[in-house]
Amino acid sequence: MTNSVSEPVQEHYTYCAICEQLCGLKVTTRGDDVVRIQPDKENPHNWADFCIKGATADEYRTHPARLRSPMKRVGDGYVAVSHEEAVDGIASAFRKIIERDGPDAIGAYVGNPNAFNFANSIFHGAFMDAVGSHNRYWVGSIDQNAYHYVGEQMYGSSYTTLIPDVDTCQYLLLIGSNPAISAMGWVGSVPNGWKRVLAAVEQGAELVVVDPRLTETAKRATTHLSPLPESDWAFLLAIIHVILDKGLENRAACDSASHFERVRDIALTQKPASLARRCDIPLSDIEQIAIGFATAETAACVARTGSAMGRNGVLAEWLSHVLNLMTGRTDSPGGRVLCDGVADFMKLGAEVFAPTTIPSRLRQWPPVAGAHALAELPDEILMPGPGQIRGLIINAGNPTISGPDGPQLDKALASLECLVAVDLFQRESHRHAHWLIPGLHFLENEEIHVLYSSFHEVPFVQKARRTVPPPQGMRAEWEFYRDLSDAMGLTLFEGMFPPEPAAVEDGLLAMGGRVDRATIEAHPHGLHLGPKTYGRLSQNLLTPDRKIAAAPEPLISLLRERLEEPETRDAKQAFPYQIISRRRLQTMNSWLTESSAARLRKDVGEEITISSEDAKRDGWEDGDRVQVESTTGRLTVTLRVSEELRSGAAVMEYGWGSQTLDPQGQTIMPARGKNRNELVSGNDLDPLARVPRFNGTPVRIRRISAATA
């Protein structure tokens, strides 16, 4: 840092790469210091979702525990080494493992921040392709695999991105979604979407929120329904039944899809009262929502992470798409619309970046979106045999905190011959790393993210511009992968592109044929490439018959299995509560805690919240100390009582309990909160999406001591 008042003040325009909203930023600098970060109100696409995370982003760039050089484990500590020494050491270890055990002995896990760094993500994937390993794991198996699985099954591509057309939507049905906190995006973005939804409501649109908790979003809804956790599929199937029974479906839309009659048959054979009992929502409310949705001039149903992070997430996601399809809301104004970006990502995903389809070694599960489930990783490391993982790269991830059964994964990571962490910090999941490779902060990065530019609501592209230099001597992540490939004698991209980010960007832009680098660079605030378009999905379908597959057999089979289960839970069961998650506006799940935690309440991540109805029944008081226990773990936390939660559900913060280590100073920053994911099993999963029951795991609560006055 320069800290020199003699340096001139400069203004830079870029975007925030913390989440998928990618808000336009105006960054004021003096020398190498960031003076302030503000929304770029000249950005024509998005700046209104600008939040505290972006405003304070420089805090983690300059944090004292940030990695500033490669680090090598020596005994119980670390020493700083050169980039070249780290590359040579890792290459030597990986070559030894591959020569002895084959390419699948090298595995990789990528976390959420990787998605917003084009060069890092694309070179990481190219490196794993060059190695020839199919042992790839990713954060999508924590929260979004349902989305990708349904995309593969219904549309032929795991990245079929259908965005809600919020401005002209007269009836918006949100399942497990809280955009007042998380913004209006999930694998795609609707800029300023929440405020646009509220504007539509003010003009008479209906907003129906289905969530066990009276969330910040639900408080602004015209209707809030509070189902049992993991029962959204039953609610949606009941909606579908009512629409079909009353003849309110769009016949032409149904006929255009393949095998819709299978959905019709299974829905109409169900008794709606039985489905209402399964989700614990009055049948009269279900009928009202069904008729309102079907008869509205325009409507859209969106299921998000609340429903996706449980054992029935894939069913809820599928049935939400079926509801849109059968009422003519798919790829139509006011419904859900296919993204139109600088490149055709569905085509690129199938032809250029084709995902692996090789099943996992032990459980023989096919990958989703080209990656295996994080829940499989511990056994794949610990279980001997051909293909056992002995070397692993964790790229921008903290899986022992964000995934299920963290202690077992920690044990597995400790057993590896070579563990490499690529990140800005040494996090909890990197405790046993042999090598630490520093990553760039997004304010130090410069690139055109061609792939994520295909997930905007309207075609838009902006170049990320470097506003401050990285620490002296630091290399970008893509350079690490390029140099590691060279040291191992590997060829990246199969020779399709030169191993430079700009060359890959230019190649993909040329394939898209919509805009070139010079035009993008001439618009520092970003560039709209045209208006929103409708009706493109039918030309982009990659299913064998080029039709939407309304009733994929795996989903139909799973639905039948669920319908054979008891309608209601046993009132005397050993684990009577089901935990669900919540998010905080100030931070992200399992990262940014290094800088943002100080702005949160002291007790964040130290509580479990239950309904006032349940607390009264059991004689508990707000502030009691309680033990929360599942089949896999137990935690001691403080009990909170709320009027905003339905009976039987319990809320615990997601993503806390992580230490941040400082290998440069040999100190450890204490963890904040408890890792509630220790209560979540790596074996109790959605059977198709392979997502653990982060929302829905059964627990019991036992009082340890009464609240103090």
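Modeller: Gln203 is exposed, because its relative accessible area is 70%, where exposed denotes over 50%, buried under 20% and partly exposed in between (1.4 Å probe, protein chains only). The model is predicted: local features need pLDDT of at least 70 and side-chain atom pairs pLDDT 80 or more, while totals for chains, interfaces and linings use all residues. Residues are numbered from 1 along each chain as its sequence is written, and side-chain values use heavy atoms, without hydrogens or water.

Gln203 sits in the loop that links helix H8 (193-202) to strand S10 (206-210); helices (H or I, at least four residues) and strands (E, at least two) are DSSP runs numbered from the N terminus. Its C-alpha atom is 51 Å from that of Pro407, which lies 204 residues away along the chain.

The open sheet comprises seven strands, ordered S5-S4-S17-S15-S14-S6-S7, with mixed pairing; pairing requires at least two DSSP bridges. S5 (77-80) and S7 (136-138) are the edge strands: each has a single partner, so one side of each lacks a neighbour in the sheet. On average, neighbouring strands are turned by 20° against each other, direction ignored.

Helix H20 (477-488) lies across S14 (391-395), S15 (418-423) and S17 (435-438), at about 150° to S15. Contact here means heavy atoms within 4.5 Å; axes are lines fitted to C-alpha atoms, for helices over the stretch in contact, with angles from 0 to 180 degrees between N-to-C directions.
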